[in-house]
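My notes follow in the order of looking.

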Amino acid sequence: MSHRNHPLIAVIGHPNEGKSSVLSTLTEDDSVVVNDYPGETTHCQYFPVEINGEVVLELVDTPGFQNPQRILEWMRATGKTDDALLQAFLQQFSSQPEYHHDCELMQPLAQGAALIFVVDCSRPLLAVDEAEMEILRLINKPRMAVINFKDQDRDYLPQWEQAFRRHFNVIREFNAHQARFPERLALLETLKAIQQSWEPMIDRAITAFEWNWQNRREQVAELIVDYLSWALPLTVEQAVGRDGDKASAEKDAAKQGLEQYQRLISEREIKLFEGIRKLYLHNLFDLRLAQHSVLKEDLFSESTWQVLGLTQTQMVLAAAGMGAGVGVTLEAAFGGLSAGLFATAGAIIGGGSVWFLGDELAKIRIKKLPLGGSKVIVGPSKNPQFPVVLLDRAILYYREIANHAHGNRGGEVQNIKDQSVLRHIESAEQKQFLKLAKTIAENKSDADSARQQLAELLTATLGTIS
Amino acid sequence: MKQFQDDTPLAVDDRWSLADLVRFEQYRLQDQQQDEEQLALRDRQIFQAAAIGASPNLRSRLYRFWLAKRSEQQPQSSDAGQLLQHSLSLSALLMLLVGFASGVGLASSAMVYDGSVPVNVALFLALLVLPQLLLLFLLVITLTFSLVGKQLFASWYQPFTSMAQWLWNRFWKSGARQQFSREQVDDARIRGQLLNQLAQRYKPLFANRAMRLFQVMGIGFNLGALLCVLVLLAVTDRAFGWQSSLTTSAETVHGLVSTLALPWSWLWGEGTGWPSLQQILNTQIRLGQGGQDFAAADFRVWWPFMLLCVLVYGLLPRLLVWAITWLREGRLLDALTFDGYHDQALWRRMHSVAFSSQSLPSDHQGEAATVQTPLQQISASESHLFVLADTLKRYPTAGLQAWLSQSTGAVSEVQPIERLADLASNHSCWLILEGWQPPIEETLQQLKQLADGLIRQQADLHLLLLGKPLPPGSDSDGNTSERPGKPLSARQAEVWRKKLDLLQCANILLHADVDAATAGEHL
């Protein structure tokens, strides 16, 4: 029997059914080898769930069955069951290389593990599956079945369910390629039904998973607030050249300053994204964004500003009642008409900047220097959409990353049609976001309090999308 | 999750000082560059070592303990706290000296006496007392506002800090262009950030300390003035009188003087602590008139009045405010709650749980294989064509045969077998397998046995791989020329080729109807 004080649960199944994917997603471990070459997992791999150094739950990835029909035949011939059968099997076959995988997968069971039998129910039930389930029934360990759909095909499900009813008391669906945090928690909750005595330990593990998830949300909120605190009041200075025509030298300096302003913010955004990705433990694989994801677009591209941020109506409603936001409100509402206001930035960057909702992206001032010459100062941005677009992109990136299952190695995160998050929250929250961003941008004495409020609001918003 | 232990007191002094705050910010600034996980581990350990029970202002005590531990673990080579302490002491000394020198200078100017014209008390009061009275008035207003929560001095102090930061940045910016190294400039920038953080986060504290420094200057000024007057009085004999263009009325002056003398009137009365109306009349300096005819008893009463004015309206308020700011600093430090935005991360880290669900490292690798077994085209099938009976449950026989006839150009009879071991043939034979399923060891071993048996007869084993069957209920019987299932993906075919390659059976020939659309899939 087990010398462990915590639940040990082996994930068992036929090769290529997604055992490693299930574990990778459940434990957020992208170091697990997941691919479609059968026999990739040759040894048991242990996933201890540790809380302050104490293991409260241990999951084991096992190799797939390689000789189910031969083993079943042998087992039936022995007339044994339960642990006696398991021990006899290991004694008989552990020295035979062709049974290496089968012996390896039985090892955790010999150590007292319960088991999760993982099957891909998008395929028909085969004779080997029947054999594997019968082997597990004969060994008689606490067990449950997890249905992992590798394809969307559900036609074979009734067939499988019928077979499961003969061998398992607990059955749960879990799509290792799409499971989000609630689904992961639900699977962990189901583990309690395998063996009642493990309930307290599994509860502790679940609490720790929940705490850890919430903690990471708070950290993401802080990362985003720090990013906004840096980007919103940002100014860039560019010396005006002394050669040639003064007007064109100023224009060149303004162009360079604006480019630098945009580049700095884009670079800082990349750092933010890296931080979020690291927090969500997507370390090893290069996640590619969906083909039409607005995150693939540059922060200052037209499509970004069309897809993200608030609509003009929302902006008017959100800005209303903000006191000093009257100008902002009017700009938001009629920005497209007030060509003069965006002419500066628009002309400077060479194309129209209509997508900045009529207002210029960042203030551009020319300042004379005491010892002669002048410099151009770009920023801070007074555009009401600016903080909203920055926020929306950060939240969108979080949604993509936090909801990307670690077992999904396709490299594509979900393609979600409605990309803006902020357009779909309550108007009162939109107003609150706008107000706090404004306070942070102004960097006055109440900015610290605004940061804290924004972090709390963001944590709550992130909680609704992951 | 380890929680607070019993109410064991903290092992270190849990009171804060300004220097501690600077050190605290210095450590936190350094932490911004560190890995969050490492920080969480360290701060969690410090939290657990704190062993502190629930108490008021718990966060302040815990953070003080954290600072003590951090100072033990990683002493700063350049201790910003110590630097601040030294800077404040030096500033206080400088301000005291500057104040003292100003006091001496101003008092000696006001006490100028060449024997012809008496020292003008009105001028003395205007220079040394009136400004201090104005300052006192402002101070009272400030303190009154602070009682209702409006920190006026803090708002006056803001421009000073902004100017200090601007000067600091300008200095290093210009230094960067000249003699300072990049590292020095970066260090200075970090110190600038530190200053900025301090100015923002502990504004009332630093405003209070700035106020205290100004009081030191005031104390120096008044001490200087008093000392100067006393020394001059001790070594010279001077006559005192008064003179003003605003009024020539001795009654008005007497009223003013009596009012000013109110604070000490209980101790020294008229004629001692302040001049009487007659003495004021007798010591009025008139234009073109010297002071030789003033009676000594009349003018000598002025200097105690002057000294007492400086003492009461200059020195004592400064001392009082200095004491208030000293007490207030202690109160402000005790009342630190550390609940601002920037204080949350440390709190979160201290209360964090070391959580991991990651796999233990494993050295085991999957098996290696290279692709050598070639994939054959489906060609004319010969006499023996076998299929497992279990497979036939998923692929209708009629459909399978029709597809084979169409694909190979020959009519073939499919012979069902229960197990691979049942297959017995002395001639080359075809075996239909479900290629969409990965080959497992028992299948491969049985194929090897079959191939070994056939090779002795110089016969081949043709494996025909089928793709995934169509789901139950899908209408494939209507057109029997269609393939019996989905085509095999290139990837599935490749997996079989690799696995068969490991068997090293030259007479196994692999046939599959591969979906061209999946040709790009590779291992």
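**Entry 1: the contact, starting with the bridges.** I began with β2(A) and strand β3 (residues 355-356) of chain B: 2 bridges join them, and they run antiparallel. Strands here are DSSP runs of E, at least two residues, and helices are runs of H or I, at least four residues, numbered from the N terminus. I count two strands as paired if DSSP finds at least two bridges between them. A:Glu50 has B:Ser356 as its bridge partner in β3(B).

This is a predicted model; local features need pLDDT of at least 70, side-chain atom pairs count only at pLDDT 80 or more, and totals for chains, interfaces and linings use all residues. Residues are numbered from 1 along each chain as its sequence is written, and chains are lettered from A and ligands numbered from 1 in the order in which they are written.

I then listed the whole contact, which takes 47 residues from chain A and 39 residues from chain B. Two residues are in contact if their C-beta atoms, placed from the backbone, lie within 7 Å. On the chain A side, β2 (45-51), α2 (68-78), α8 (199-231) and α16 (447-465) each supply at least two residues. That side divides into 17 nonpolar, 16 polar and 14 charged residues. Nonpolar means Ala, Val, Leu, Ile, Met, Phe, Trp, Tyr, Cys and Pro; charged means Asp, Glu, Lys and Arg; the others, Gly among them, are polar.

**Entry 2: the sheet.** Which strands form the open sheet, and in what order? I read 7 strands, β6(A)-β5(A)-β4(A)-β1(A)-β3(A)-β2(A)-β3(B), with mixed pairing. The edges are β6 (170-173) of chain A and β3 of chain B, each pairing on one side only. A:Ile9 stands opposite A:Leu59 in β3(A). α8(A) lies across β2 and β3 of chain A together with β3 of chain B, at about 90° to β3(A). That angle runs from 0 to 180 degrees between N-to-C directions, with axes fitted to C-alpha atoms, for helices over the stretch in contact.

**Entry 3: another strand pair.** β7 (residues 236-239) of chain A and β9 (residues 374-378) of chain A pair in the antiparallel sense over 4 bridges. A:Glu237 has A:Ile377 as its bridge partner in β9(A). The covered face of β7(A) carries A:Val236 and A:Gln238, and the uncovered one A:Glu237 and A:Ala239.

**Entry 4: helix α17 of chain B.** I checked its length. The 15 residues of α17 (residues 441-455) should span 21 Å at 1.5 Å a residue, and the end C-alpha atoms are 21 Å apart, which agrees. The expected span is 1.5 Å times one less than the number of residues. Its buried residues include B:Leu447, B:Leu450, B:Ala451 and B:Leu454. Buried means 20 or more other C-beta atoms within 10 Å of a residue's own, exposed 12 or fewer, and partly exposed in between, with C-beta atoms placed from the backbone. The buried residues of α17(B) pack against α2 of chain A, and against β8 (461-466), α18 (490-503) and β9 (508-512) of chain B.

**Entry 5: B:Trp436.** I found B:Trp436 in the loop between β7 (429-434) and α17 of chain B. Not counting residues up to four places away in sequence, B:Trp436 touches B:Gly467, B:Lys468, B:Leu488 and B:Gln492.

Entry 6: Most residues other than glycine have a negative phi, and most peptide bonds are trans. A:Asp82 has a positive phi of about 55°. A:Asp82 is in helix α3 (residues 82-93) of chain A, and it counts as exposed because it has 11 C-beta neighbours inside 10 Å. A:Asn140 has a phi near 60° and is in the loop between α5 (127-139) and β5 (143-147) of chain A. The peptide bond from A:Gly379 to A:Pro380 is cis, with omega near -5°.

**Entry 7: confidence.** The predictor gives the complex an ipTM of 0.78 and a pTM of 0.79. Chain B averages a pLDDT (the predictor's confidence in each residue, from 0 to 100) of 81, and 80% of the residues score at least 70. Over residues 1-7 of chain B, pLDDT stays under 50. Residues 477-481 of chain B are also below 50. Where pLDDT is low, the predicted coordinates should not be read in detail.
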